[in-house]
Amino acid sequence: MYLCLQTHRKWSERTYVKNLLSSHVWGVGPGGFPVCFQATEVCICPVEFNPHFVAPVIPKVEWAVFPEVADNLRLIQVPKGPVEGYEENEEFLRTMHHLLLQVEVMEGTLQCPESGCMFSISYGISNMLLSEEETEN
Amino acid sequence: MCDIEEATNQLLDVNLHENQKSVQVTESDLRSESELLVTIGATVPTGFEQTAADEVREKLGSSCKISRDRGKIYFVISVESLAQVHCLRSVDNLFVVVQEFQDYQFKQTKEEVLKDFEDLAGKLPWSNPLKVWKINASFKKKKAKRKKINQNSSKEKINNGQEVKIDQRNVKKEFTSHALDSHILDYYENPAIKEDVSTLVGDDLASCKDETDESSKEETEPQVLKFRVTCNRAGEKHCFTSNEAARDFGGAVQDYFKWKADMTNFDVEILLNIHDNEVIVGIALTEESLHRRNITHFGPTTLRSTLAYGMLRLCDPLPYDIIVDPMCGTGAIPIEGATEWSDCFHIAGDNNPLAVNRAANNIASLLTKSQIKEGKPSWGLPIDAVQWDICNLPLRTGSVDIIVTDLPFGKRMGSKKRNWNLYPACLREMSRVCTPTTGRAVLLTQDTKCFTKALSGMRHVWRKVDTVWVNVGGLRAAVYVLIRTPQAFVHPSEQDGERGTLW
């Protein structure tokens with residue numbers, strides 16, 4: 001599952017973008033920076049396909065960053081955008097279901113392209129804590 | 001894998017919902033009782049009686065009476081629905097009512113009162129409740145068998161972030177060591193909240209029993225039933241103690257039925273609940289409290305699953321909602337959410353790596369359980385765990401529909417002083433990630449003073465719509481239900497520079 005998260009610093013406008021396991025909320029920072037991350041272990045976990053669950057998510061996906069992220073993970077057949085009439089298109093929905101809900105990054109790191117800060121992913125859990133100097137202005 | 005499939009095939013026969021068939025088999029013996037209506041009593045977390053009543057209406061179609069004795073609700077069902085009653089997620093314990101006395105007349109002296117209790121035993125309408133108990137016991141037998149098979153075939157799990165993978169032999173060991181790790185198993189089970197509880201032979205309530213115990217009980221066909229009496233007494237004007245009432249009432253029950261009294265290995269548990277002038281005699285239908293159901297890895301402040309369920313109900317989740325618990329601890333709330341509202345997406349986050357690990361372990365346990373139950377080779381659950389800082393959530397502005405969490409009370413976790421900074425910061429960050437207008441938050445805390453103060457500065461983003469007063473592990477706490485206003489989140493740096501500090 002992918003979740004594109006964004007952190008918001010207290011005072012600055014800088015944001016971090018991250019893809020990890022979880023839901024289907026795709027987002028990207030206001031600058032539109034793509035994420036860079038390294039995955040050392042990816043797991044495909046079967047999840048029962050439910051078109052009613054996937055379809056409402058499609059409009060929320062940030063297509064600008066999606067292909068880049070998928071590239072990083074060396075995934076194939078990544079759609080560049082929603083197809084016409086996607087709600088009925090089972091093949092499209094199944095592809096998105098697979099990419100969003102079944103691909104899990106188990107081990108790896110995430111780097112914010114803007115600040116260079118690194119976040120680790122371990123056992124499928126990503127550590128999004130900012131260090132001391134990052135939380136200060 | 002094939003072991004599990006075999007076991008699963010066997011288990012499909014004993015699936016709770018399949019018990020309708022077995023109920024009917026029994027019922028062919030009790031043909032006239034197939035229409036039998038019974039009154040069921042349920043204990044629920046104090047403060048959530050209405051939520052529980054709503055669940056009963058929704059799932060069973062029965063309306064509830066909420067007792068003056070707080071934390072109890074009563075409803076009438078037909079015996080056929082008994083299996084479904086066990087699927088209620090807002091109830092801790094269930095019992096079948098033998099008789100209810102709205103206004104019991106206690107005599108003046110202790111001796112007379114106790115004599116009355118003795119006489120009472122022989123006059124109560126036991127036969128129907130006992131039939132219900134018997135039907136219920138057949139559910140439990142199958143459930144216990146299934147639990148045993150579960151434990152034997154549970155999958156490998158990752159232990160506390162270390163590389164070690166635990167196989168099934170060590171499952172029990174792993175649970176114990178986790179209990180020791182967290183020092184305290186579950187504060188929220190503290191019976192100190194009860195007024196005066198006593199059982200037939202002055203021992204304390206034995207809620208968790210060994211699996212082997214239960215199976216040996218099942219194997220032998222008991223000729224004589226074993227029982228115990230548990231008396232809960234609350235009220236100022238009683239001239240007797242629960243101990244005495246349990247003892248004398250129990251003695252009379254023993255004479256009447258010729259059962260054997262046994263504190264720990266009982267078949268029948270008789271309940272004598274006395275609340276001022278309300279006396280209710282019942283037979284317990286649940287042994288270990290249902291509120292432990294989801295959590296295998298406890299932390300120091302694990303929330304009861306029934307309480308978590310109640311809180312989630314207050315959010316009124318809609319399909320495809322994104323539900324976040326940003327201070328999840330062991331993950332009690334998101335796990336309950338993923339089980340009951342599986343068409344929503346749940347995210348569990350905490351800053352403490354121990355907590356996140358526990359949550360992940362609990363999720364893994366849940367996956368294992370549901371895999372075995374559903375008979376599918378693997379089955380994802382709409383839930384994930386992240387380590388993060390509540391004051392700097394890595395979530396997009398306005399992306400979350402519901403926030404539900406158990407704020408640190410400042411007693412066992414955190415400190416009151418810390419709350420003065422933490423609560424406002426939390427509320428602010430939560431208001432950022434929560435969708436304006438439709439978003440809502442349900443927050444539990446004991447530090448109500450600090451919370452109210454923090455909330456008063458947030459009226460432009462949060463509107464309080466309800467407060468539910470609850471009792472959590474002996475502490476008076478409140479559950480606040482908040483709605484996110486339409487006002488979009490404005491970053492502090494975009495505001496006038498006057499408000500220098502955050503609080």
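Which strands of chain B does helix H14 (residues 448-456) lie across? Keep in mind that you are looking at a predicted model. Helix H14(B) lies across S16, S17 and S18 of chain B, and runs at about 20° to S18(B).

**The sheet**

Those strands belong to an open sheet of seven strands in chain B, with the order S14-S13-S12-S15-S16-S18-S17 and mixed pairing. Look at the two edges: S14 (383-387) and S17 (462-472) of chain B each have a single partner strand, so one side of each is left without a neighbour in the sheet. On average, neighbouring strands here are turned by 15° against each other, if you ignore direction.

Strand S13 (residues 345-350) of chain B pairs with S14(B) in the parallel sense, over five bridges. Within that pair, Ile347(B) stands opposite Asp384(B) in S14(B). Helix H10 (residues 305-315) of chain B packs on the sheet too, and its direction makes about 150° with that of S16(B). Here are the strands that H10(B) touches, apart from S17(B):

| Strand touched by H10(B) | Residues |
|---|---|
| S12(B) | 322-325 |
| S15(B) | 402-406 |
| S16(B) | 440-445 |
| S18(B) | 475-484 |

**The cores**

The largest nonpolar core has 55 residues, and those touching the most other members are Ile40(B), Phe75(B), Phe117(B), Trp126(B), Phe249(B) and Ile270(B). Helix H9 (residues 242-257) of chain B gives the most to this core, with six residues. Zoom in on Phe249(B): leaving aside neighbours within four places in sequence, its contacts include Phe117(B), Trp126(B), Ile270(B) and Val281(B). Another core, of 50 residues, lies apart from this one, and among its members are Val57(A), Leu422(B), Leu427(B) and Tyr480(B).

**One residue up close**

Is Thr43(B) buried or exposed? Thr43(B) sits in strand S1 (residues 37-43) of chain B. Its relative accessibility is 16%, and buried means under 20%, so Thr43(B) counts as buried. Not counting residues up to four places away in sequence, Thr43(B) touches Gly71(B), Lys72(B), Val91(B), Asp92(B), Asn93(B) and Phe95(B).

Definitions and conventions. Residues numbered from 1 in each chain as written. Chains lettered and ligands numbered in written order. Predicted model: local features only at pLDDT ≥ 70, side-chain atom pairs only at ≥ 80, totals over all residues. Heavy atoms only, no water. Pairing = 2+ DSSP bridges. Helix = DSSP H or I, 4+ residues; strand = E, 2+ residues; numbered from the N terminus. Axes fitted to C-alpha atoms, helices over the stretch in contact; angles between N-to-C directions. Contact = heavy atoms within 4.5 Å. Core = buried A, V, L, I, M, F, W, Y, C linked by side-chain atoms within 4.5 Å. Buried < 20%, exposed > 50% of the residue type's maximum accessible area, 1.4 Å probe, protein only.
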